[in-house]
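Here's a quick briefing for anyone meeting this structure for the first time. Take a look at it below, then read on for the ligand and its surroundings.

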Amino acid sequence: MASIFTRIIQGEIPSFKIAEDENFYAFLDINPNAPGHTLCVPKKEVDKILDLDQDTYAGLMAFARKVGLALEAAIACERVGISVIGLEVPHVHIHLIPLRSMADATFSSKVALSPAEFEEIAQKIRAKLR
Ligand code: 5GP
């Protein structure tokens, strides 16, 4: 069965999309640690990041860097944190999290956002993509 992220990439499940190219897709995390929390995903469905082939791994990092720079420019924060967890969704993804404090990096304090707030944030980040 396709992973939930494959279903998002295919448009079967809606997402607040940030960026997409031939191999990768970025969208807002639905249960964010902080406003702007973004996931970068390879379209190739692989469970664990260290099992990616070298080219996909390097490509994912380059894609996440591009999205992360836009995030840093769009959302007020001290820096953008990068995490890989994968305990919930078995499809490789990089968390990009705008950090203001250590609490934003812990995955224990979450923020609730309305659909309009998600869309506004997504537009701000997309506007900073280079
Ligand atoms: P992890 O697998 O790294 O522990 O966490 C998976 C992340 O995916 C979580 O932060 C969770 O909020 C996010 N997530 C799970 N399901 C969905 C979904 O359907 N849409 C979006 N946008 N994010 C999701």
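**Who surrounds the ligand**

Helix 1 is the top contributor to the shell around the ligand, giving three residues. Keep in mind that this is a predicted model. The ligand sits in the largest pocket, so to speak of one is to speak of the other.

**The shell**

- Helix 1 covers residues 4-9 and strand 2 covers 24-28, and each of them puts at least two residues into the shell around the ligand.
- There are 16 residues around the ligand, and those that come nearest are Asp-29, Gly-86, Val-89, His-93 and His-95.
- Sorted by class, the shell around the ligand is made of ten nonpolar, four polar and two charged residues.

- Leu-28 works through its backbone instead, with an N or O atom 2.9 Å from a nitrogen atom of the ligand.
- Leu-87 also brings in a backbone N or O atom, which lies 3.4 Å from an oxygen atom of the ligand.
- How much of the ligand does the protein bury? Taken alone, the ligand exposes 520 Å², and the protein buries 88% of that.

**The largest pocket**

- The largest pocket holds about 460 Å³ of space.
- Its lining counts 22 residues, and Phe-5, Asp-29, Ile-30, Leu-39 and Glu-88 are the closest to the pocket's centre.
- Which helix gives the most to the lining of the largest pocket? That's helix 1, with three residues.
- Helix 1 and strand 2 each supply at least two residues of this lining.
- By class, the lining of the largest pocket comes out at 14 nonpolar, five polar and three charged residues.

Terms used. Residues are numbered from 1 along each chain as its sequence is written. This is a predicted model: local features need pLDDT of at least 70, side-chain atom pairs count only at pLDDT 80 or more; totals for chains, interfaces and linings use all residues. Side-chain values use heavy atoms; hydrogens and water are left out. A residue is near a molecule or strand if one of its heavy atoms lies within 4 Å of it. A polar contact is a pair of N or O atoms within 3.5 Å; within protein, one must be able to donate a hydrogen and the other to accept it, and residues adjacent in sequence count only if both atoms are side-chain atoms. Accessible areas come from the Shrake-Rupley method with a 1.4 Å probe; for residues, only the protein chains shown count as cover. On a 1 Å grid over the protein atoms alone, a cavity is a set of points where a 1.4 Å probe fits but cannot get out, and a pocket is an open set with protein on both sides within 12 Å along at least five of seven lines; lining residues have an atom within 4 Å of a point. A molecule sits in a cavity or pocket if more than half of its atoms lie within 2 Å of its grid points. Helices (H or I, at least four residues) and strands (E, at least two) are DSSP runs, numbered from the N terminus. Ala, Val, Leu, Ile, Met, Phe, Trp, Tyr, Cys and Pro count as nonpolar, Asp, Glu, Lys and Arg as charged, and the others, Gly among them, as polar. Grid points are joined across faces, edges and corners, and a volume is the space filled by probe spheres set on the points.
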